[in-house]
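Trainee: I am new to this structure. Please show me how to read its features, one at a time.

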Amino acid sequence: MKKHIKNNVNWIGYIDWELESFHGDDYSIMNGSSQNAYLIQEEKTVLIDTVWTPHRFDFVDNLKKEIDLNKIDFIIANHGESDHSGSLTALMAEIPNIPIYCTENAVKSIEGQYGKRGWNFHVVKTGDSVDIGNNKKLVFLEMRMLHWPDSMATYMTQDNILFSNDAFGQHYAVEELFNDKANQCLLYKEAIKYFTNILNPFAPILTKKLAEIENLNLPIDIIAPSHGAIWRDNPMQIVEKYGIWADAYKEDQVTVAYDTMWEGTKKIAHEIAEEISNQSPDTVVKVFNIATADKNEIMTEIFKSKAIAVGSPTVSNSILSSVAGWIEFLKQLKFKNKKAAAFGCYGWSGESVKILQEKLSDAGFDVISENVRSMWNPNDDDFQNIPKLVENLLLD
Ligand code: FEO
């Protein structure tokens, strides 16, 4: 069913309360999500984006209940990823000649995924626009690498709606659609998780794009992303947050993350956490077992942190595979301006701390030399190193 957004603009997407993961299993979904598509019915009828492939037939059926598909003048594909383009095959089977407005890269992406079907693509660039009647226009704004090469936003004049696609979205199911109706804690929890895990690698590009949007001086009454709540109450609040988050963000927080074989490395993790609280009672401390905690949630806490401590015991001259895979993800997220320390137990060869230090440095962290490297079970002698380690970790 469609839901009203403003004047002749309606939402016609899919709210997925049961979704548990996204991007395969790479992104955990804790509070549902949505794929937001929009129907504009001015003198021209325009569909902005579609929904994910598994819901394509329901999407087309819903659309048919609202309009005669032949009345659609054109489709805008802001982004070729299948959560937004996945219903095109079902839709275009019904209206094969309808124009699709998108970037040049989106043509490659859509044809790459669904094959060359002879669809009527109209390639657009930043600043191009199309009249939709009633003195209203849709203006296109390329959002390259936010977060795919083909990403684009569309701005509707007069109604002042920015259809931002993935930017400013959250994986969060809000049946009432709007940010003022959403639980504010969850809204921001999901917005920062989305930023950390999907957009942070592109933070420098985002900073430039935010400046570009600001310089356009467009009045923005609504930001309508392709996932989660639509920002109608003070929509610029999320733009301001993105500006802050994209600038090497950190709070007074330290995150300790580890995996353990026989609880020794775990013991060190908790000693470090306690010492942080001893030395700096106001600092927020989070402790996670990498093997059992949700990796996207840990990364979100690391995004908020000014420093981290990472632990693994030595196994077969290396680190635990859980930690190795996790550090690869940590590197992908391109965090900046954060310190790191390493710790771990060993029985004989004891390479884990050195390997962790190298990998954390390679992931862009400022690694301190102080560490805890404990043979067999950690004891008071090993813990003597912790105050110095924490002191350095907390130093600005
Ligand atoms: Fe929501 Fe990049 O797709």
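Mentor: Start with burial. Buried means under 20% relative accessible area, exposed means over 50%, and partly exposed lies in between (1.4 Å probe, protein chains only). Of the 396 residues of this chain, 58% count as buried. This is a predicted model, where local features need pLDDT of at least 70 and side-chain atom pairs count only at pLDDT 80 or more, while totals for chains, interfaces and linings use all residues. Residues are numbered from 1 along each chain as its sequence is written, and side-chain values use heavy atoms, with hydrogens and water left out.

Trainee: How many helices and strands are there in the chain?

Mentor: Helices (H or I, at least four residues) and strands (E, at least two) are DSSP runs, numbered from the N terminus. The chain has 13 helices and 23 strands. Its C-alpha trace spans about 80 × 40 × 30 Å along the principal axes.

Trainee: What share of the contacts with a separation of 6 or more comes from residues 24 or more positions apart?

Mentor: Contact means heavy atoms within 4.5 Å. Residues 24 or more positions apart account for 72% of those contacts in the chain.

Trainee: Which residues touch the most other members of the largest nonpolar core?

Mentor: A nonpolar core is a set of buried Ala, Val, Leu, Ile, Met, Phe, Trp, Tyr and Cys residues joined through side-chain atoms within 4.5 Å. The largest has 64 residues, and Phe168, Tyr242, Trp245 and Trp326 touch the most other members. Helix 5 (residues 184–199) gives the largest share of this core, eight residues. A second, separate core has 27 residues, including Val51, Phe59, Ile110 and Phe121.

Trainee: Which residues is Tyr242 in contact with?

Mentor: Leave aside its neighbours within four places in sequence. Then the contacts of Tyr242 include Ala167, Phe168, Tyr194, Phe195 and Leu199.

Trainee: How are two packed helices described?

Mentor: By the angle between their axes and the distance between the axes. Axes are lines fitted to C-alpha atoms, for helices over the stretch in contact, and angles run from 0 to 180 degrees between N-to-C directions. Angles under 35 degrees count as roughly parallel, over 145 as roughly antiparallel, 65 to 115 as roughly perpendicular and the rest as oblique. Take helix 5 and helix 7 (residues 236–245): their axes come within 12 Å and cross at roughly 45 degrees. That makes helix 5 oblique to helix 7.

Trainee: Which residues of helix 5 and helix 7 meet?

Mentor: Tyr188, Ala191, Ile192, Tyr194, Phe195 and Leu199 in helix 5 meet Gln237, Ile238, Lys241, Tyr242 and Trp245 in helix 7. Now sort them by class. Ala, Val, Leu, Ile, Met, Phe, Trp, Tyr, Cys and Pro count as nonpolar, Asp, Glu, Lys and Arg as charged, and the others, Gly among them, as polar. This contact has nine nonpolar, one polar and one charged residues.

Trainee: At what angle do helix 10 and helix 11 pack?

Mentor: Helix 10 (residues 321–332) and helix 11 (residues 352–362) pack at about 20 degrees, with their axes 9 Å apart. They are therefore roughly parallel to each other. Val323, Ile327, Leu330 and Lys331 in helix 10 meet Leu356, Lys359, Leu360 and Asp362 in helix 11. By class, that is five nonpolar, no polar and three charged residues.

Trainee: Is Lys306 buried or exposed?

Mentor: Lys306 counts as buried, at 16% relative accessibility. It lies in the loop between helix 9 (295–304) and strand 19 (307–311). Beyond its neighbours within four places in sequence, Lys306 is in contact with residues including Lys250, Glu251, Asp252 and Leu394.

Trainee: Where is Leu91?

Mentor: Leu91 sits in helix 3 (residues 88–94). At 0% relative accessibility, Leu91 counts as buried. Leaving aside neighbours within four places in sequence, Leu91 is in contact with Leu47, Thr50, Val60, Leu63, Leu69 and Ile75.

Trainee: What about the backbone?

Mentor: A cis peptide bond joins Leu146 and His147, with omega about 15 degrees. His147 is in the loop between strand 13 (136–142) and strand 14 (152–156). Next, check phi. Asn135 is not a glycine, yet its phi is positive, about 60 degrees. Asn135 is exposed, with a relative accessible area of 72%. Trp376 also has a positive phi, near 55 degrees. Trp376 lies in the loop between strand 23 (366–375) and helix 12 (380–383), and is exposed at 56% relative accessible area.
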